[in-house]
Amino acid sequence: MTAGRLAFEAVTGGYGSTTIVRDLTGTANSGEVLCVLGRNGVGKSTLMKLLFGYLPCHRGQVLLDGKPVSQLDPSARRRNGMTYCPQERPVFDDLSVRDNLTLMRTSRQIGAFRRYFDRFPILERRLTQHAGTLSGGEKKMLSFVRGLAEDQPIVLLDEPSEGVQWENILHMIAIIAEKKAAGAAFVVVEQNLSFAERIADRYLIMDQGRMVLEGSSSAIHRGQILAHLHV
Amino acid sequence: MDPLIVTQAINLVYAVSTLAVLALGLAVIFGLLGVLNIAHGEFIMIGAYCAYVTQSGRWPYLAAVPLTLIVCGVLGWAVEWIMIRPLYRRPFDTLVATWGLSLLLRKIAEAIFGLGFYSVNIPLPGTVHFLDTEYPIYRLLLIAVSLIIVIGLVIWYGGSRTGSRIRAMISNPELAQAQGISVRRLAAGTFIVGTCLAGLGGVMLAPLIPVQPFMGLDYVLRAFFVLIVGGLGSAAGLLSGAAVIGGVDSVVSATSSATDGYFAVLVLSILFLWLRPRGIVAHS
Amino acid sequence: MRTASLIVLIAIALPFLLGPFWAYQLGLYALYAAAAVGVGLCWGRAGFLPLGQALFFGLAAYLSGLTFIAFADLPIIAVLAMPIFAIVSALLAYAIGVLVFRRRGESGPYFSMITLALSLLAFQIATSWNSVTGGFNGLKGIPGLPGLNDFSDVYYVSAAALLIVLAIAGWLYTAPIGVLWRALAQNERRVQLFGFDTNQLKAFAFGMSGLMAGIGGVIYAPQQGIVTPQAVGFGLSADLVIWSAVGGRGSLLGPVIGTLLVGSLTAQLRDTLPFWEVLMAVFFIVIVLVFPRGIVGLADPLARFLRSRRKHPAIAAPKRLNSDPPARLVLNSIGVRAGEFTILDRLSLDFDPTGIFCVIGPNGAGKTSMFNAVSGELATVTGSIDLGGMSVSGLTPHRVTRLGVARKLQIPSVFQHLSIADNLAIALWSGRASKLQLLDPRLRRWTTPMLEDLQKRYPFLASAERKAGELSHGEQQILELAMALLTEPRVLLLDEPCAGLSPEETTAVIGIVRWAAQRLGGAIIVIEHDMSLVKELAEVVYVLHNGTLLAKGSVAAIQADAAVRAVYVGGEK
């Protein structure tokens, strides 16, 4: 088995002195999606922040292609092959849709986004509008396109489908499948089980900051997952 | 038209536009980065002393510009690195640190140049016939240059990539980092632009005022009041604040006394602090 | 007492030790030191930086000087007027404090800049108002204090003034208000949430600092014989800040040591060492950034020796000022917006006056925002909030707290640099101490039966001298919970009380919450994510989603509710 592009070992951390995530281990392998599931407040977003370097690990480490990355701040991790789409405030409200997409590119040309606009025509229609005027779901689509268009080997998505219509979720599933085929590794936090089921190769289910169930998607039934998600 | 009225009107425009350019550096640092750089006035002072040094060295006046940019740039870089960056999350400590810096810069100027006033010669002396009245050329030039700088910077900020990245960094620093913007470097660059703008303001102003170590205090206060009244974080705020403060000061000083002008500005600012704390052009 | 006696002894002995020249110098600098103690009070205790303190010193000096000149034949009148002028300075400072400290949020930079501007304005007025102040050359020919002859006499008057100022400051620092100042310097919002009007507390601090500067100023005029605009201006204001920082602004004696040592040294060395002032500026920056305790910090062992070790007996606290019965908290269709975003959308909640209730919901549902709206920190654009039939919408946070609402915040917000005893005392003062009582040091010994019970359950709460910051995360949560309980609220808002706690600590918290529900008899509203906790505690569960109420009912009813499941699990659209 190839070593995971992104791996985390016994990661423990949280905000300040508070510990939210305890002892989590997992890998995101090339061409696979690791889906992180769990109820609210169990620490899924905190895990993502630890993986991307917004929070320091109290214990444990995060490894990129086998090398520890604790020294790298988020912008450095981005430059080293990781993409992150946050759950909250996913776009720059003050900038136009076009600027959101091309902010870090060398030119303002949007030709590169043609294949994405074909699937999400609404974004092309709103190119000149301020991203703050988009609906919640449209912002998530914008964030998704921005992230995946970065073409990076490791992609972290935090609740990409929140507020998004089902037909657009199907497009997201298709795009993720294409990227997987090209070798990208994904870690996706999701609340929407139907979406998760269609993309996941492995599950990591959390409760109270710890892992309670993990394994390949073929080995875990829906019923087991639901048991941990229910109120 | 009555020449006296024209003169007063041009004086008003002069007061507002020079105030705008002097406040610009603080608008960048306080308005964008949220750092109250009390030493802003001292960077203006540095610009003025650079003009004096240029004159003493018998170089052309414009040589003061690159000299100021170098001094204020290097100093700004050092200050941001040593003092500002470690204290971004502690605004009160930043206040104290920049006050200490302003003290240090003043004392250094005192040690080098002494407490006395220096005069810098006006590079373009004389008057010109303008709109039915005789008006000093240099002041007209300052008006033009001030407006060019302010408007130019605003256009650049709104339209350029770097401007967009700065706006991105300010409104959503987490996402900015996620997209690979090195917030540290961009913030440092922004700070340096702020200090250099202050220095440029000092170079422009030097021929018209006595150059002495304490000159900066007045300007940092006025710049601060411009931002309180006008609002932080936007060009419209800077310009409206400069218009109100510059206008009130000019009018009251002309009709009454400079002290009364100062008092009026102070009262006005406190009123804004109560009634409309975010300024005329409130920016979220 | 040990410290005080030592100080007085040194003060008396100094002229004999140092000779007449230094006695005179110190006599002058003792007056500046009085003003510096005021700076130390504002900056080192209450956490705001006055950059124009000379205004109060010089104002008092001018007033005193004018009176001494006017009543040159009857100096006794001028002497009697001196305390009045010191009070004038105090009142002016208090008025400025009230005017400036009105914002809800961060007012530090604005305050500093305004005091700076006032000092410059005063300098301008003093320089231009020739007829009254003598203009730039100053008010000359002020007769000296009657009955004083040589340099040592002058010194003793100044020393006495300084000792009075130190006595006032020392008393204020041991009184409850001193503790509250230090607390608000660390976390102003938290102090408001304990029911204290922090704007008034800061204005009072500024007023007292004005008094201290005024006391120095009124003696300065007859002592020096002349008052120039320098006495109100920027230079002296700046020096006061430097001296108090270098000496150690957080301590009582620091500003005095800073002024006497650095001030008088500067006067000597300024002319001989050209870069002395530059050096001082660098020194100031280094101290502020790296070594904030200043010179006094070097003398810590001595300070420990001098600290009194006597333990005083505890005093029973009086009952709450507002002992109202349990109240129904009702939110009527409230709306909260932040710019374009709707945070709370026609949210209507009705909580019974007694019981334990849990509020749950996905991230961003508005739970903490709902708490913020109740405690008055978030303005509602529509709807109203009632407590016991009385509207609390639009009240400032400290007023809402006084009506019997207590909060435990999501992130433990105990006052890290204060001792455990002081933290608990602040909670006891909340709602029980009148404004005047905040000046009474005996209040620091208050205790209530509830506190004693809590200390029996959690012995660490009785280790009075330990700093709260030294406690573990779990202990800080319990301390903050204890503080909220001690205010004996009618409605207790707990925001994720078990975040980051181990299972044992969580069980402990459940225990306290149940015990508190019985003891207090009011309503306890808990935001929680941990469903096992909700199952144990909740009598009624409220589910929020997208800023509005999605469902309400018993735990079993909520678990069976399809809409709730959909929100938590997500489904096909």
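# Exercises on a predicted three-chain model

Helix α15 (residues 367-374) of chain C is mostly covered, with 7 of its 8 residues buried. Keep in mind throughout that this is a predicted model.

## Exercise 1: A covered helix

**Task.** Find out which residues of α15(C) are buried, and what follows the helix.

**Solution.**
- Start with the cut-off: a residue is buried if 20 or more other C-beta atoms lie within 10 Å of its own.
- Go along the helix with that in mind. Lys367(C) is buried, and so are Ser369(C), Met370(C), Phe371(C), Asn372(C), Ala373(C) and Val374(C).
- Now step past the end of the helix. Gly376(C) follows α15(C), and its phi is positive, near 90 degrees.

## Exercise 2: The sheet of chain A

**Task.** Work out the order of the strands in the open sheet of chain A, and name its edge strands.

**Solution.**
- Trace the sheet from one side to the other. Its 6 strands come in the order β6-β7-β8-β3-β9-β10 (chain A), and their pairing is mixed.
- Look at the two ends. β6 (82-85) and β10 (210-216) of chain A are the edge strands, since each pairs on one side only.
- From one strand to the next, the twist averages 15 degrees.
- Zoom in on one pair. Strand β9 (residues 202-207) of chain A runs antiparallel to β10(A), and 6 bridges join the two. Within this sheet, Met206(A) stands opposite Met211(A) in β10(A).

**Task.** Which helix lies across β3 (33-37), β6, β7 (154-158), β8 (185-189) and β9 of chain A?

**Solution.**
- The helix to pick is α1 (residues 44-52) of chain A, which runs at about 150 degrees to β7(A).
- Helix α6 (residues 136-149) of chain A also packs on the sheet, where it touches β6 and β7 of chain A. The direction of α6(A) makes about 180 degrees with that of β6(A).

## Exercise 3: Two domains in chain C

**Task.** Describe how domain 1 and domain 2 of chain C are placed, and what forms their contact.

**Solution.**
- Begin with the bounds. The domain assignment gives domain 1 (2-306) and domain 2 (329-569) of chain C.
- Next, take the centres over C-alpha atoms: those of domain 1 and domain 2 of chain C are 42 Å apart.
- Count each side of the contact: 17 residues come from domain 1 of chain C and 26 residues from domain 2 of chain C.
- Look for the elements on the domain 1 side. Those giving two or more residues are α7 (176-186) and α8 (188-192) of chain C, and α7(C) gives the most, with 7 residues.
- Finish with the classes: this side of domain 1 of chain C has 9 nonpolar, 5 polar and 3 charged residues.

## Exercise 4: Chain C and its neighbours

**Task.** How many residues does the contact take from chain C and from chain B?

**Solution.**
- The contact takes 33 residues from chain C and 27 residues from chain B.
- On the side of chain C, α4 (108-128), α10 (234-247) and α12 (276-290) each give two or more residues. α4(C) gives the most, with 13 residues.
- By class, this side of chain C has 23 nonpolar, 6 polar and 4 charged residues.

**Task.** Describe the side of chain A that touches chain C.

**Solution.**
- Here 21 residues of chain A are in contact with 20 residues of chain C.
- The elements of chain A that give two or more residues are α8 (193-199) and α9 (222-229).
- By class, this side of chain A has 6 nonpolar, 14 polar and 1 charged residues.

Definitions and conventions. Residues numbered from 1 in each chain as written. Chains lettered and ligands numbered in written order. Predicted model: local features only at pLDDT ≥ 70, side-chain atom pairs only at ≥ 80, totals over all residues. Pairing = 2+ DSSP bridges. Helix = DSSP H or I, 4+ residues; strand = E, 2+ residues; numbered from the N terminus. Axes fitted to C-alpha atoms, helices over the stretch in contact; angles between N-to-C directions. Contact = placed C-beta atoms within 7 Å. Buried ≥ 20, exposed ≤ 12 C-beta atoms within 10 Å, placed from the backbone. Domains from an automatic or database assignment. Nonpolar A, V, L, I, M, F, W, Y, C, P; charged D, E, K, R; others polar.
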